[in-house]
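Let's take a tour of this model together.

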Amino acid sequence: MKRPVLEIASSPHVVSANSVETIMFNVVLALLPAVAFSIYIFGITAALTIGAAVVSCLLTEHLLCRAGGAQSTVGDWSAVITGLLLGLIVPPGLPVWMVAVGGFLSIGLGKYLFGGLGYNSFNPALVGRAVLQATFPVSMTTWIDAEQVGRFSELAPTSLAAPLTAATTDVVSGATPLAAWKFDRALADTTELAFGMVSGSAGETSALVLLLGGVYLIARNMMNWRTPVAILGTVAVVSAILHAIDPGRYPPAEFMLLSGGLMLGALFMATDMVGSPITNAGCVVYGILIGVLVLVIRNWGGMPEGVMYAILLGNAASPHIDKLIQPRVYGTQRERRASAGEAKA
Amino acid sequence: MLFRRNKTFGHGVHPPDSKDRTKGMEIRQFPFAPELVVPLSQHIGKPARPLVGAGQEVVRGQRIGEPDGYMSVAMHAPVSGEVTRIGPVPTIKGQEVPGVYLRPHPASTQEVAEGLAVEPTASREEILKGIQMAGVVGLGGAAFPTHVKLDIPEGEYVDTVIINGVECEPYLTTDHRVMLEQVADIYNGARYLEKVTGAERIIIGVEANKPDAADALRAAIPADLPIEVMVLEVKYPQGAEKMLISALLGREVPSGGFPYQVGAICINVATTAEIGRLLPHGQGIQERVVSISGPAVRDAGNYRIPIGTPLRFILDTVGVADDVGRVFMGGPMMGPTASNLDVPILKGTSGVVAFTTVELPKRREYPCIRCAYCVDACPLYLNPSQLGLLAKNREYDRMAEEFHLMDCFECGSCSYVCPSHIPLAHYFRVAKAAVRRARAKE
């Protein structure tokens, strides 16, 4: 035998195929049906919005890593997820330059400023959206109608507004189902909601398509199912009770579940591993908390939709939930016998 | 039966078992190296006291070290030949320990010396002494003196002896072969265990990837022993004492406590076989079955190798690929790597595995993304993610006091599943050593 060069290393010497890249890539895959469907509903306008969000997120991530002198993390797919999510939670006809600002804010403010991947306490896409909402309140609540004729050949007129302008006039705009309920007490059709033929953000549309992606991630063990189940369960049960008490004031459970960003938020944003608790019990508490906040904001708040703030508040609570709920360590609840043993020994 | 799931413990991981290459290979006798190096400390506890000096002739199986106190066991000559010197021996952990260097006598018949027989009918004390004088330690890897483990404190009571035939480490097939080829020795050993512990029940735990071993054991259960063979789900680290007790009995050993506190004791199957094989002849452990495997090894197999055989001789004999990159003793989940091929096979060495550089991809380490895979893998229900963050900040005291660091037995499940490729188990080794040092100072 030749004199081999032996490597000294700490065990284990075998590792699973898990990697950050595969997890993130699979989340991207799980989002693709929703992306495709929103392009079907809103046409090339949605394609442009989502594309612009992804590109701006990737560019921001790459440039900030380079500026900080670090190896670029653009290849780990996490910035693509942020871009896709951002594209799905803003109005499809949002001016592209605003989308790009949103992408920059999501990655720059929501992720890089906190320390990058793994340190972003809040869901980056939601941080970006929250700032957009505060900065451009009109554009952020101007919705184009679903399934417009000519949506595959013409962009919404607002999309290409010159930077620093909004051009919100002359838009065929539709109220979202939640706004219609909040301000006019008009109830959208459940089937239309489930299939997503309604006005809203690109990703606020088809609950079923979103569910498909969620089930895929759960099956691949890349999402803790307890979080979405706790959120949706809380919203469903409490709204069913409220609706039974006062049907005129509180909408039925199926409407609450299928409308707005709840499905997208519960499945793809609240479940962001970084911003959610690490234990299963913690995920349940976190999910219930978000569910309650959604109900409070939607039913008693000033805004028609509250998923964004509910999840951001849930993210803020997550470290505290982790502090309170730790796994029960093996062999730590039978100390009575242990001390008895010590006494004898 | 079809729908009844095999018993197991909570959490754990499923690495590929990589046993197919050697599990069907019979145990073969390994040749003697030109020089053997027998450390006098191969166990947890005090080193044995040498009974021989340089230049002395010894016979294979002759006692060359006597136990130095209770926490110590005897050592035996692995070969008939001459003691060349007594001196420091390199070990895989990097420290040097006192040891005996032996040169085999080429003309010797290499017959094994016999001593005072200890029968299973002997008294508890005689059997425990016999086990200590036979140099028996846990052959599964821990190398804890077996007579100490079996000496249950006054007032404690053990109802079940578990014979551990799990062998959950990938690549290793020694216990598997022992269960196929040494059934009589195992049951004879079980008689000693029954006598010493007074247990009502003996369970042999075997993972479902060794159905032939379970069948062989079941077919030969002696009428005079209360033995059951139980098949377990294949899962790592089921061979760990606490995990096996949970899997078979549903009992949890208290944190920092001992198995007898929950009425159980756990003995490796090869250890049991050695007790059954050696005590009736008054012999001692001077060789052991070792799996030599891994992609870099040419002539893989299960070999009965004399204790003290240097790794270099083993690898030269079986042949290794030119691009061998990592050699470790034991399995790939817990085995330490060799930096030096002069280190010898010890009583606790169940395998020697060699990887080529191809099996060792360099992977980029990412920050923890809190995916909780490690939390779902840790068999002790620790929080490796949190411990890892604290380790990076060197908050070792907090790790020990708030997050049960010292319960970690370094099984490596957390590192195995981590998608960010954070070497968690390594951090915990470093942290545990730091805590131990700090506590020793106090």
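## The interface in polar terms

A polar contact here is a pair of N or O atoms within 3.5 Å; within protein, one of the two must be able to donate a hydrogen and the other to accept it, and residues adjacent in sequence count only if both atoms are side-chain atoms. By that rule, 29 residue pairs are in polar contact across the interface of chain A and chain B, with both residues at pLDDT 80 or more. Please keep in mind that this is a predicted model.

Which helices of chain A supply the side that touches chain B? At least two residues each come from α1 (20–42), α13 (307–324) and α14 (335–344) of chain A. The largest share, five residues, belongs to α14(A). Sorted by class, this side of chain A has 23 nonpolar, 18 polar and 11 charged residues.

## Extent and charge pairs

The contact involves 52 residues of chain A and 69 residues of chain B. Between them the two chains bury about 5300 Å², with 55% of that area on carbon and sulfur atoms.

Side chains of opposite charge can pair when their charged atoms come close. Between chain A and chain B there are three salt bridges. In a salt bridge with Asp322(A), Arg370(B) has an N to O distance of 2.4 Å.

## Chain B as a whole

Turning to chain B, we find 14 helices and 16 strands. Its radius of gyration is 21 Å, close to the 22 Å that the globule rule gives for 442 residues, so chain B is as compact as a globular protein of that length. Along the principal axes, the C-alpha atoms of chain B fill a box of roughly 65 × 50 × 50 Å.

Over all chains, the structure holds 25 salt bridges. Arg251(B) and Asp159(B) form a salt bridge through their side chains, at 3.2 Å from N to O. Arg251(B) sits in the loop between α7 (241–249) and β12 (264–268) of chain B, and Asp159(B) in the loop between α3 (146–150) and β9 (160–165) of chain B, so this pair ties together parts that are 92 residues apart in sequence.

## A four-stranded sheet

Chain B also has an open sheet of four strands, in the order β2-β8-β7-β4, with antiparallel pairing.

Gly81(B), for instance, has Pro104(B) as its bridge partner in β8(B).

Technical notes
Residues numbered from 1 in each chain as written. Chains lettered and ligands numbered in written order. Predicted model: local features only at pLDDT ≥ 70, side-chain atom pairs only at ≥ 80, totals over all residues. Heavy atoms only, no water. Contact = heavy atoms within 4.5 Å. Buried area = accessible area lost by both parts, 1.4 Å probe. Salt bridge = Lys/Arg side-chain N within 4 Å of Asp/Glu carboxyl O. Nonpolar A, V, L, I, M, F, W, Y, C, P; charged D, E, K, R; others polar. Pairing = 2+ DSSP bridges. Rg over C-alpha atoms; globule rule 2.2 N^0.38 Å.
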